[in-house]
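Subject: Structure handover

Hello,

Here is the structure I said I would pass on. My notes on what was found in it follow below.

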Amino acid sequence: MCAKKLNDKDIMNLLIDTALSCGASSADCVLSRSRGISLTRRLGKDENIERYEDFDTGLRVFIGNKIASVSTNESTESAIREVAKRAVEMAKIAPQDDFSLIADTDTLSKFPLNNFLIDCYDNVEPSVDILRDRASEAEDTARSVEKITNSDGAESSWGEGETLLMTSTGFFGKSKKSNHSVSVVVIAEKNGKMERDYDYSSKVYGEDLKSPKEIGQEAAKKAIARIGATKPLTGKYPVVFDPRVSRSIASHFASTINGSSIARKTSFFRNMLNNQVANSEITLIDNPFLKRGLGSRLFDAEGLGSRKNILIKDGVLKNWLLDLSSANQLQMQPTANAKRGVSGPPTPGTSNLTILPGKESPIDMIKNIKNGFYITDLIGSSVSIITGDYSRGASGFWIKNGEISEPITEATIAGNLKEMFMTLKPANDLDYSHTINSPTLFVEEMTIAGN
């Protein structure tokens, strides 16, 4: 006789109830289901078609201040009970954790769920033919452009996922998300010299995707523009970060204000709350309520209702990113910024992190630069949030007398984030297309190493 399979909520209830009956003082459970399909096409032929379907459940149990986490993809009652019992036995011999905890009813009441329409699920599942058409149009358009001689392939994909969270203190919530994406990588050649570049689009709704034709045209244009790239002259110059790389600067802000780093005293921002940490033109927000945002959510990974957090306002640091544990360590209120996987503990993270735009256009920003570096790609990373030291490989274009000129490759840019943040200026070209969003960014001076 086949073992009875339980539905998702039954699985979570059984895990938590069994853990409590075996001696756990509290517990929480995350259940995740996802499925999707991706199609890769190269030189007019399908290269790969993959389908996936995943199911995982994670249980975290507390015995006082001792914690253990386990995960499983089982769904039968007997297997679920065994997993919960094993987690409790593991917790009994785990080391003490004086700061981690599950949100109690009082904390949950302080962070109620909002009813914003974030609209993060597209119920239209594209067929394989639609995915093929998207990839084909992107690649065929790029390959039709003169000087594009080869392709590294185009990919089109779709996926959906549902995440459920339950705690022994009474929280239960679920969220469902979808994602459509199209990308293409092509190679341009002239006089025996080859360069590669790409373009892509990723959205919650398929109807919001940039057209495959435009993706192909942009990838071709970018690849051709790189032909004949040379190393820059070594020196100190102004730097402008294109939006596809300026998002990394926003991510460095997130790392420096991450509550875990602050609690461990491993961030150079650790003593800077309510102090000037960036140019007065910089405002950084985390907005979980962005409609059709890739990172939007109504609750965090600990069951706290999401909030829009102003992290830096006019260059002044206003908030850390805090989950319950880091807030407990710092003796502060959490900011509902917990993220977690199925098998790991919560950590502070972001939803839709955004550097708000300035008033100046990128063209106006560039026209005042006599000699500078417009960066479109970053390679490798040597960035320390302890000291602020920053060094990365970069390529892009030289700015000469206020205009974009010859392509640049094999450059190294170096500076210190503390100094970079203080001269950072945003342009007005913000596009909310990612979980981390930033307009074009200007830095007054960095060391550029080349010839």
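The largest cavity is lined by Glu195, Arg226, Ala229, Ser395, Gly396, Pro407, Ile408 and Thr409. A cavity here is a set of points, on a 1 Å grid over the protein atoms alone, where a 1.4 Å probe fits but cannot get out, and lining residues have an atom within 4 Å of a point. The volume of this cavity is about 40 Å³, taken as the space filled by probe spheres set on the points, with grid points joined across faces, edges and corners. The count is one cavity of 30 Å³ or more. Strands S15 and S16 each supply at least two residues of its lining, and S16 gives the largest share, three residues. Strands (E, at least two residues) and helices (H or I, at least four) are DSSP runs, numbered from the N terminus.

Please note that this is a predicted model, in which local features need pLDDT of at least 70 and side-chain atom pairs count only at pLDDT 80 or more, while totals for chains, interfaces and linings use all residues. Residues are numbered from 1 along each chain as its sequence is written, and side-chain values use heavy atoms, with hydrogens and water left out.

Next, the pocket. A pocket is an open set of grid points with protein on both sides within 12 Å along at least five of seven lines. The largest pocket has a volume of about 880 Å³. Its lining consists of 35 residues, and Glu218, Lys222, Asp242, Pro243 and Arg244 are the ones that lie nearest its centre. At least two lining residues come from each of strand S6 (193-203), helix H5 (212-225), H6, helix H9 (362-367), strand S14 (371-383), strand S16 (403-416) and strand S18 (436-437). S6 gives the most, with seven residues.

A nonpolar core is a set of buried Ala, Val, Leu, Ile, Met, Phe, Trp, Tyr and Cys residues joined through side-chain atoms within 4.5 Å. Buried means under 20% relative accessible area, exposed over 50% and partly exposed in between (1.4 Å probe, protein chains only). The largest core has 42 residues, and Phe241, Phe253, Phe373 and Ile413 have the most contacts inside it. Helix H6 (residues 243-256) gives this core its largest share, five residues. Apart from this core lies another, of 24 residues, among them Leu15, Phe55, Ala87 and Leu164. Leaving out residues up to four places away in sequence, Ile413 touches several residues, including Phe241, Phe373, Tyr390 and Met446; contact means heavy atoms within 4.5 Å.

Then the aromatic rings. Rings of Phe, Tyr and Trp (its six-membered ring) pair if their centres lie within 6.5 Å; planes under 30 degrees apart count as stacked, over 60 as edge-to-face and the rest as tilted. The count comes to nine aromatic pairs. Phe116 and Phe289 form a tilted pair, because their ring centres are 4.3 Å apart and their planes are at 35 degrees. These two residues are 173 residues apart, with Phe116 in the loop between helix H3 (105-110) and helix H4 (128-143) and Phe289 in the loop between strand S8 (284-286) and strand S9 (309-313). Phe116 is partly exposed, at 43% relative accessible area, whereas Phe289 is buried at 16%.

Phe269 and Phe421 are also tilted, since their centres are 6.0 Å apart and their planes are at 50 degrees. Phe269 lies in the loop between helix H7 (259-264) and S8 and Phe421 in helix H10 (residues 417-423), so this pair ties together parts that are 152 residues apart in sequence. Phe269 is buried, with a relative accessible area of 3%, and Phe421 is buried with 0%. Ring pairs link Phe253, Phe268, Phe269 and Phe421 into a cluster.

Last, the backbone. Most residues other than glycine have a negative phi, and most peptide bonds are trans. Gln331, which is not a glycine, has a positive phi of about 55 degrees. Gln331 is in the loop between helix H8 (324-330) and strand S11 (338-339) and is exposed, at 75% relative accessible area. Asn401, also not a glycine, has a positive phi of about 50 degrees. Asn401 sits in the loop between strand S15 (389-400) and S16 and counts as exposed at 56%.

Regards
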